[in-house]
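Welcome! Take a moment to look over the chain shown here, and then let us walk through it together, one part at a time.

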Amino acid sequence: MNNLKYQMVIQWSELDNCFLVGFPDFPGQEWRTHGDTYQLAVANGVEALESLMIAYEATGDAPLPEPTVCNAA
């Protein structure tokens with residue numbers, strides 16, 4: 001997938017003792033996956049985001065949400 005322009009939030013959770021990964025642009029996706037290391041959380045996050053986008057497109061129920069874009073110069 002080339003169009004991974006969505007936010008991916010990675011945050012340490014003391015309760016879960018791992019990094020949690022969420023996608024704020026997708027409603028209801030507060031925490032979608034996790035990783036024991038930051039690098040594993042990133043890899044799992046990319047995989048989860050690709051799966052989430054495929055699921056959205058496969059169901060056809062709703063279009064993909066617009067990604068939040070930062071217009072920094």
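## Before we start

A polar contact is a pair of N or O atoms within 3.5 Å; within protein, one must be able to donate a hydrogen and the other to accept it, and residues adjacent in sequence count only if both atoms are side-chain atoms. You will meet two such contacts at Asp25, one with Gln7 and one with Thr68.

This is a predicted model, in which local features need pLDDT of at least 70 and side-chain atom pairs count only at pLDDT 80 or more, while totals for chains, interfaces and linings use all residues. Residues are numbered from 1 along each chain as its sequence is written, and side-chain values use heavy atoms, with hydrogens and water left out.

## The overall plan

Read from the N terminus, the order of elements is β-β-β-α. Along the principal axes, the C-alpha atoms fill a box of roughly 35 × 35 × 20 Å.

How much of the chain is buried? Of its 73 residues, 30% count as buried, where buried means under 20% relative accessible area, exposed over 50%, and partly exposed in between (1.4 Å probe, protein chains only). Contact means heavy atoms within 4.5 Å. Among contacts between residues at least 6 apart in sequence, 36% join residues at least 24 apart.

Two strands pair if DSSP finds at least two bridges between them. Strand β1 (residues 9–13) pairs with β2 in the antiparallel sense over five bridges. Within this pairing, Val9 stands opposite Gly22 and Trp12 stands opposite Phe19. On to the next pair: β2 and β3 are also antiparallel, with three bridges, and Val21 has Thr33 in β3 as its bridge partner. Five of the five residues of β2 are buried, so this strand is largely enclosed by the rest of the structure.

Ser13 lies in strand β1. Is Ser13 buried or exposed? Ser13 is buried, with a relative accessible area of 9%. Leaving out residues up to four places away in sequence, Ser13 touches Cys18 and Leu20.

## The turn of the hairpin

β1 and β2 form a hairpin with four residues between them. Asn17 sits in this loop and is exposed, with a relative accessible area of 53%. Its backbone is worth a look: Asn17 has a positive phi of about 55° although it is not a glycine. For context, most residues other than glycine have a negative phi.

Which residues make up the largest nonpolar core? There are 12 of them: Tyr6, Ile10, Phe19, Val21, Phe23, Phe26, Ala41, Ala48, Leu49, Leu52, Met53 and Tyr56. Both β2 (18–22) and α1 (38–59) supply at least two residues of this core, and the largest share, six residues, comes from α1. A nonpolar core is a set of buried Ala, Val, Leu, Ile, Met, Phe, Trp, Tyr and Cys residues joined through side-chain atoms within 4.5 Å.

Val46 is also in helix α1, and is partly exposed with a relative accessible area of 31%. Not counting residues up to four places away in sequence, Val46 touches Leu4 and Met8. Val46 and Met8 are 38 residues apart in sequence, yet 8.5 Å apart in space, C-alpha to C-alpha.

## A buried charge and an exposed alanine

Asp25 belongs to the loop between β2 and β3 (33–35). Asp25 is buried yet has no salt bridge, and the nearest side chain of opposite charge, Lys5, is 12 Å away. A salt bridge is a side-chain nitrogen of Lys or Arg within 4 Å of a carboxyl oxygen of Asp or Glu; Lys and Arg count as positive and Asp and Glu as negative, with His and the chain ends not counted.

What does Asp25 have instead? Its side chain makes a polar contact of 3.3 Å with that of Gln7 and one of 2.5 Å with that of Thr68. Beyond its neighbours within four places in sequence, Asp25 is in contact with Tyr6, Gln7, Pro65, Glu66, Pro67 and Thr68.

Ala72 is in the segment after α1 and is exposed, with a relative accessible area of 67%. Ala72 and Tyr38 are 34 residues apart in sequence and 25 Å apart in space, C-alpha to C-alpha.
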